[in-house]
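Visitor: I have a protein model open and I'd like to learn how to read it. Could you walk me through a few features?

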Amino acid sequence: MNSADLTLFAYVADTGSFSKAALQADLSTPALSKRITKLEQSLGVQLIHRTTRRLSLTEAGESLYVHAKNIEGQVSDAIASVSAFSQGLSGHIKLSVPTISGELLLAEAIADFCQQYPNISVDMRLENNFVNLVEEGLDLAVRTGILEDSSLIAKPLIQSNWVVCCSPSYRDKYGDVTTIEALKTHNCLAYTYQAQGSFDWRFTKGGIEETVRISGSLATNNAQALRKAALAGFGIVYVPRCCVYEDLQKGKLISMLTDYTPRQLGVYAIYPFTKHLPEKLKRLIEHLKQAYADKKEYF
């Protein structure tokens, strides 16, 4: 038995398939199956229940899997620890970014990164779901909010300020809003892409946090949909400032409740815990942080 056999066993456990694990390990399926059988024989226990439809781990297999994954991580860390000393950066990076930042600046920033490092390819997914990085096979994600998963590392990129705004036509028709209580009488459009606060809008004034329960005719998880509804004069929105910055500058939207401090959320680069972050990911995170800094007025 050696560490490579344990890594192969972890592949099978992760994929639930000998054929998929063999593809990942660049082995034939029979060769992989033979290696696992020899591993079971050397340990004197059955590790995997094999049926025609599915694979499942035995109790012994479950126990070994925990340690096998740890060994795989140690090997990855060992390789990553010397990656900075290689002559050139290469490889593939899979990352997930939110749609607002992706469309505003990250698509261009990552394309520029790929030009700087032609041997690195990037698969960028624009999505607003709080994906599981390990299960999805992602190297990196950009997310806004509080990090709750202690198995992940978060590097701050920028602070995102929110804004309450509406179109001039809406204000002319329904009047200005000077207190948060006044929001209760208005058509407030809710942004549901957030863990909490979709219908409870929070502000700070004089160091005291205040909350108001809003209601309205539209709720959506897409900030651009809210932006368009606001531009059309349908109601008031409370959204990240970056997605309406240009509209505010042009006067197409106007900010409200300027005496209150709106909510602020950090934007982070998030990746699975590792002792030695690969150099290509370090460079990409630095590049993304600079891209946000270059557009800091939007935030």
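This is a predicted model: local features need pLDDT of at least 70, side-chain atom pairs count only at pLDDT 80 or more; totals for chains, interfaces and linings use all residues.

Visitor: Which residues of H5 and H10 meet?

Guide: On the H5 side, look for Ser-101, Leu-105, Leu-106, Ala-109, Ile-110, Asp-112, Phe-113 and Gln-116. Their partners in H10 are Lys-280, Arg-283, Leu-284, His-287, Leu-288, Ala-291 and Tyr-292. Sorted by class, this contact between H5 and H10 holds 9 nonpolar, 3 polar and 3 charged residues.

Visitor: Let me try the start of the chain. At what angle do H1 and H3 cross?

Guide: H1 (residues 3-15) and H3 (residues 29-43) cross at roughly 115°, and their axes come within 10 Å. That is why H1 and H3 count as roughly perpendicular to each other. The crossing of H1 past H3 is left-handed.

Visitor: And which residues of H1 and H3 meet there?

Guide: H1 brings Ala-4, Asp-5, Leu-6, Leu-8, Phe-9 and Val-12, while H3 brings Leu-32, Arg-35, Ile-36 and Leu-39. In the contact of H1 with H3 you'll find 8 nonpolar and 2 charged residues, and no polar ones.

Visitor: How does H2 cross H3?

Guide: The axes of H2 (residues 18-25) and H3 come within 9 Å, crossing at roughly 100°. So H2 is roughly perpendicular to H3. Phe-18, Ser-19, Ala-21 and Ala-22 in H2 touch Thr-29, Leu-32, Ser-33 and Ile-36 in H3. The classes in the contact of H2 with H3 are 5 nonpolar, 3 polar and no charged.

Visitor: Okay, on to strands. How many bridges join S8 to S9, and which way do they run?

Guide: S8 (residues 200-205) and S9 (residues 208-213) run antiparallel and are joined by 6 bridges. To find your place, spot Lys-205, which sits opposite Ile-208 in S9. S8 and S9 form a hairpin with 2 residues between the strands, and in that hairpin Gly-206 has a positive phi near 60°.

Visitor: Which strand pairs with S5?

Guide: That would be S13 (residues 264-272), which pairs with S5 (residues 140-144) in the antiparallel sense over 4 bridges. Thr-144 has Val-267 in S13 as its bridge partner. S13 is also joined to S6 (residues 152-166), again antiparallel, by 9 bridges. In that pairing, Lys-155 stands opposite Ala-269 in S13.

Visitor: One last thing: what is the idea behind a salt bridge?

Guide: In general, side chains of opposite charge can pair when their charged atoms come close. The count for this model comes to 8 salt bridges. One of them is between the side chains of Arg-50 and Glu-40, at 3.2 Å from N to O. Arg-50 belongs to strand S1 (residues 48-50) and Glu-40 to helix H3, so this pair ties together parts that are 10 residues apart in sequence.

Terms used
Residues are numbered from 1 along each chain as its sequence is written. Side-chain values use heavy atoms; hydrogens and water are left out. Contact means heavy atoms within 4.5 Å. Ala, Val, Leu, Ile, Met, Phe, Trp, Tyr, Cys and Pro count as nonpolar, Asp, Glu, Lys and Arg as charged, and the others, Gly among them, as polar. Two strands pair if DSSP finds at least two bridges between them. A salt bridge is a side-chain nitrogen of Lys or Arg within 4 Å of a carboxyl oxygen of Asp or Glu. Axes are lines fitted to C-alpha atoms, for helices over the stretch in contact, and angles run from 0 to 180 degrees between N-to-C directions. Angles under 35 degrees count as roughly parallel, over 145 as roughly antiparallel, 65 to 115 as roughly perpendicular and the rest as oblique. A crossing is left-handed if the near helix is turned anticlockwise from the far one by less than a right angle, and right-handed if clockwise.
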